[in-house]
Amino acid sequence: MEMTTVANLPASPPAADAAIRYAIYFAPRPESTWWNFGSAWLGRDAATGMAGSATSLPLPMEFHDAERTGMVDVPRQYGFHATLKPPFRLAVGCTPADVYFQAAMLAPSLNPLCITPLSLAEIGPFVGLRAPEADAGLMRLAAQCVVTFDYLRALPDVGERQRRQQAGLTSRQTALLNQWGYPYVFDEFLFHLTLTNRLSPETRARVMRILLPLIDDLNCEPLVLDALVIFEQHGNAPFRMTRRYGFNGAVEIYGDD
């Protein structure tokens, strides 16, 4: 009778690093005026990790730095972006290379989409930038990202699920949370770039009044969704832009990689 020893047992799949989260975002190119605006407004450049933006961009004088900082500390952690595949931890057996490989495979199959003019809007209790309404191509692209990367996603822990469920979700949103780990996907998806924390109605109205002329000027520069951008978060550190996979097959690496 053949004895099975520990040495003969199949190796267990490698444990994923639960301290790292990955997200698939849209983000303007770091040299663009849009990126400089978003980084200056949030007070952090997610491509460099530095405070502010790479170039000087004047912001409305009506906001003191300390006041603006108190309005944006939550979106500052994530960087200037629009979500395509929400942040996730890796499933057991998956590695960062799997995330990069999947992005490299998917990106060249996608078509660029012009998303300007962006409109300044109240998105629930937040202020953000929204793409034109009812863009079927944008909805399909986001849905492809949700589905394509999902095999890499670890199931959310109990704490994460409870935090989401406490947000007053509809039955449809709860079903999406259970299946896809996030309630705002597919028919619940809204393409937007968040600019503020939760604010009072009066403060939201003030922010919109002050920012509107600047957004009107920014819309003179076309903004095209032509790449999948990977952001990573290590532990409790802010998210960093690490890789950009262009729909034309080009790959750009940021940070220390």
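I took a polar contact to be a pair of N or O atoms within 3.5 Å; within protein, one must be able to donate a hydrogen and the other to accept it, and residues adjacent in sequence count only if both atoms are side-chain atoms. I noted that this is a predicted model, in which local features need pLDDT of at least 70, side-chain atom pairs count only at pLDDT 80 or more, and totals for chains, interfaces and linings use all residues. Residues are numbered from 1 along each chain as its sequence is written, and side-chain values use heavy atoms, with hydrogens and water left out.

**Entry 1, Gln 233.** I looked up the side chain of Gln 233 and found one of its polar atoms 3.1 Å from the backbone oxygen of Ala 237. Gln 233 belongs to strand β8, residues 227-234 (strands are DSSP runs of E, at least two residues, numbered from the N terminus). Its relative accessible area is 10%, so Gln 233 is buried (under 20%, 1.4 Å probe, protein chains only). Leaving aside residues up to four places away in sequence, Gln 233 touches Ala 19, Ile 20, Arg 21, Pro 238 and Phe 239 (heavy atoms within 4.5 Å).

I located Asn 197 in the loop between β6 (192-194) and α7 (201-218); helices are DSSP runs of H or I, at least four residues. Asn 197 is also buried, at a relative accessible area of 9%. A polar atom of its side chain lies 2.9 Å from the backbone nitrogen of Val 74. Among the residues that Asn 197 touches, I recorded Asp 73, Val 74, Pro 125 and Phe 126.

I counted seven helices and ten strands. Of the 257 residues, 46% are buried.

Key: Buried means under 20% relative accessible area, exposed over 50%, partly exposed in between (1.4 Å probe, protein chains only).
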